[in-house]
Amino acid sequence: MFLALRDLRFGRTRFVLMGAVISLIAVLMVLLSGLSQGLVKDGVSGLQNLPITSLAFEKGVQHDSAFTRSVVDEDAVAVWQEQDGVKDAAPFGLALVNGATADGVEVDLALIGVEPGTFVAPRSAKGEEFGATDGIVVSSHLVEKEGVSIGDTITLEHSDLSLRVVGVMAEQNTFGHVDMAYVPLDTWRLAKAGVNDAGQLNERQQHEITAVAVDGPDDTAAGDEAAGTESLTQRESYDASPGFTAETSTLMMIQVFLYAICALVAGAFFTVLTIHRKGEIAVLRAMGASTGYLLRDGLGQALLLLLAAVGIGVGVGVGFGALLQGTAMPFALVAGPVVLAAVLLIVLGLAGAAAAIVRITRVDPLTALGANR
Amino acid sequence: MKTSRIELRDVVLTLGDGEETVTALDHVDLTVEPGELIAILGPSGSGKSSLLAVAGGLSTPTSGTVVVGGETLTGRSRKELTRLRRELIGFVFQSGNLLPSLTAADQLRLPATFGAGRNGAQRSPAELLAEVGLEHKADRRPHQLSGGERQRVGIARALIADPAVLLVDEPTAALDRARSHEIVQLLAKETHEHGIATIMVTHDHDVLEYCDRVLVMEDGRLSEQEG
């Protein structure tokens with residue numbers, strides 16, 4: 001790297017310009033990573049936080065709208081509990097509802113119905129434990145964002161049910177960008193049906209749940225067969241969250257494009273650089289420098305440039321990200337995806353550079369003689 | 001033991017393929033003894049550069065034998081030729097052909113980084129720079145040096161690994177008369193003091209007084225100069 005380091009210093013203007021392009025790509029990559037993690041959090045954090053392995057929905061339900069369309073009879077819970085390898089199973093209901101606080105603040109809620117005491121029942125970080133018939137335990141996000149606080153009353157549309165906010169969970173629990181609020185199953189059934197009195201529920205509605213929440217084996221075929229359900233794993237259920245697939249696949253596509261751009265930019269830069277250096281490479285080869293020496297020198301230079309550029313870019317991106325975190329924008333910086341993006345940028349950039357730098361092997365040392373330079 | 005001899009025996013080099021072939025070297029025999037500086041004159045296209053290329057292991061002759069510093073170059077792989085070039089051969093190129101990013105001192109340190117020289121033997125960069133009269137310009141890069149200074153650094157670079165032979169390609173092409181004399185004098189001095197076998201290809205009839213022998217190349221044939 002004797003020559004590579006001196007070239008970097010001597011040609012710093014061009015290397016800084018090139019590095020700046022890669023740095024900007026890295027900044028963008030960090031911001032996109034934060035945005036996509038933020039969207040994941042906003043979209044499915046409530047599902048991620050559930051202590052389940054799978055959800056058993058109504059057989060034949062459309063996967064992308066399973067939560068809103070599935071209707072399962074409560075009897076399926078008992079069938080699931082008896083399956084081999086199932087540690088626990090509990091009824092789970094989900095309904096998207098609108099409501100308003102006494103102050104007139106409108107709130108959208110993903111109303112979750114579970115039985116108190118089951119393994120999917122929420123834990124309050126503040127306030128009372130979950131269990132009161134008209135008591136709801138809400139996502140911390142609702143408190144931070146909408147200014148709802150413990151003791152407030154939320155009145156639901158249609159059913160006109162009045163629910164008291166009794167507890168707040170430790171974390172953000174959202175479903176399709178809407179905050180989750182847990183109520184006991186019986187209350188949930190009223191809200192779902194849009195009525196105020198249990199007497200108005202028909203036979204089917206009295207036993208209705210959305211899905212069976214299961215903590216058990218990876219293979220759900222036997223349970224589905226016995227209970228007449230159709231299971232989605234916890235991960236698969238994310239796709240049933242409104243907009244989740246569209247949002248994440250859009251961002252994923254942008255990221256893939258950025259990786260490709262990084263590789264192409266590095267490839268183009270080092271192609272021009274290598275062509276520009278043809279004369280001096282011919283001289284070096286005539287002097288007896290081996291191909292391995294020249295490749296090590298060239299690739300070492302590319303690696304140094306990429307490491308510095310991506311390092312600076314990630315640093316700036318994380319700095320920007322820290323400012324965005326906590327604003328209304330769904331943004332969450334997570335170390336794993338950021339590191340992965342940085343490593344991929346370096347690896348792909350190096351691959352692009354390598355494709356260009358192998359041109360060194362095609363330079364004929366004979367061209368060093370005569371007036372070719 | 002240093003055997004600094006260049007021997008070309010019945011060397012033929014045919015360039016081009018198919019019907020359009022050119023005989024660049026036509027049964028050339030040449031021996032350069034250690035400590036001998038020979039000049040090769042000739043019009044462009046006469047085969048002078050081809051002779052350097054063959055003697056330097058950059059081109060493989062169509063037939064004949066090339067022995068440089070006791071090593072036979074003919075019949076070697078490209079990799080072997082690269083090794084022999086860095087161990088035995090010093091090249092001086094037109095107008096120096098220095099690397100733009102390196103200072104004069106670094107130009108001389110560079111060959112050691114790819115293992116130039118027999119068993120890595122190196123002369124001292126500082127001493128060699130002083131010998132070519134550039135000790136005060138060790139930190140200058142090529143664009144900060146004059147044409148003559150660049151060529152002197154180029155010569156010092158060719159000598160740094162203590163080569164058996166020196167192959168010099170038109171060293172005075174870009175220089176004025178006074179500089180040309182200095183450069184060829186320097187080549188003669190180094191050749192004689194270090195027992196190097198040196199071939200210098202040139203157009204310049206003005207500098208032949210420093211050469212031990214002058215040969216003329218014409219249509220690929222080599223002959224002693226008349227008179």
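**Figure 1. Surroundings of Ala226(A) in the predicted model.** Ala226(A) touches Val79(A) and Gln83(A), leaving aside residues up to four places away in sequence; two residues are in contact if their C-beta atoms, placed from the backbone, lie within 7 Å. Ala226(A) belongs to helix α8 (residues 221-227) of chain A; helices (H or I, at least four residues) and strands (E, at least two) are DSSP runs, numbered from the N terminus. With 13 other C-beta atoms within 10 Å, Ala226(A) is partly exposed. On this scale a residue is buried if 20 or more other C-beta atoms lie within 10 Å of its own, exposed if 12 or fewer, and partly exposed in between, with C-beta atoms placed from the backbone. A separation of 42 Å lies between the C-alpha atoms of Ala226(A) and Ala335(A), which are 109 residues apart along the chain. The model is predicted: local features need pLDDT of at least 70, side-chain atom pairs count only at pLDDT 80 or more, and totals for chains, interfaces and linings use all residues. Residues are numbered from 1 along each chain as its sequence is written, while chains are lettered from A and ligands numbered from 1 in the order in which they are written.

**Figure 2. Strand β12 of chain A and its pairing partners.** Four of the five residues of β12(A) (residues 211-215) are buried, so this strand is largely enclosed by the rest of the structure. Strand β1 (residues 54-58) of chain A runs antiparallel to β12(A) and is joined to it by three bridges; strands count as paired if DSSP finds at least two bridges between them. Strand β3 (residues 88-101) of chain A also pairs with β12(A) in the antiparallel sense, over five bridges. Val214(A) in β12(A) is the bridge partner of Ser54(A) and of Ala89(A).

**Figure 3. The six-stranded open sheet of chain B.** The strand order is β6-β7-β8-β3-β9-β10 (chain B), and the pairing is mixed. At the edges stand β6 (89-92) and β10 (221-224) of chain B, each of which pairs on one side only. From one strand to the next the twist averages 20°. Strand β7 (residues 165-169) of chain B runs parallel to β6(B), with four bridges joining them; Val92(B) stands opposite Val168(B) in β7(B). Helix α5 (residues 147-159) of chain B lies across β6 and β7 of chain B and runs at about 170° to β6(B). For these angles, axes are lines fitted to C-alpha atoms, for helices over the stretch in contact, and angles run from 0 to 180 degrees between N-to-C directions.

**Figure 4. The contact between chain B and chain A.** On the side of chain B, 24 residues are in contact with 21 residues of chain A. The elements of chain B that give two or more residues to this side are α1 (48-55), α2 (78-88) and α3 (104-113). The residues of this side of chain B divide into twelve nonpolar, seven polar and five charged. Here Ala, Val, Leu, Ile, Met, Phe, Trp, Tyr, Cys and Pro count as nonpolar, Asp, Glu, Lys and Arg as charged, and the others, Gly among them, as polar. In α3(B), the buried residues include Leu108(B), Leu110(B) and Pro111(B). The buried residues of α3(B) pack against α1 (2-10) of chain A, together with α4 (125-131) and α5 of chain B. Just after α3(B), Gly115(B) has a positive phi of about 75°.

**Figure 5. Helix α11 of chain A.** Seven of the nine residues of α11(A) (residues 278-286) are buried, so this helix is largely enclosed by the rest of the structure. Among them are Glu280(A) and Arg285(A). The cover over the buried residues of α11(A) includes α12 (291-324) of chain A, together with α2 and β6 of chain B.

**Figure 6. The largest nonpolar core.** Of its 114 residues, Ala26(A), Leu345(A), Ala55(B), Val165(B) and Ile199(B) touch the most other members. A nonpolar core is a set of buried Ala, Val, Leu, Ile, Met, Phe, Trp, Tyr and Cys residues joined through C-beta atoms within 7 Å. Helix α13 (residues 335-357) of chain A gives the most to this core, with ten residues. Ala55(B) touches, among others, Leu8(B), Val68(B) and Ile199(B), not counting residues up to four places away in sequence.
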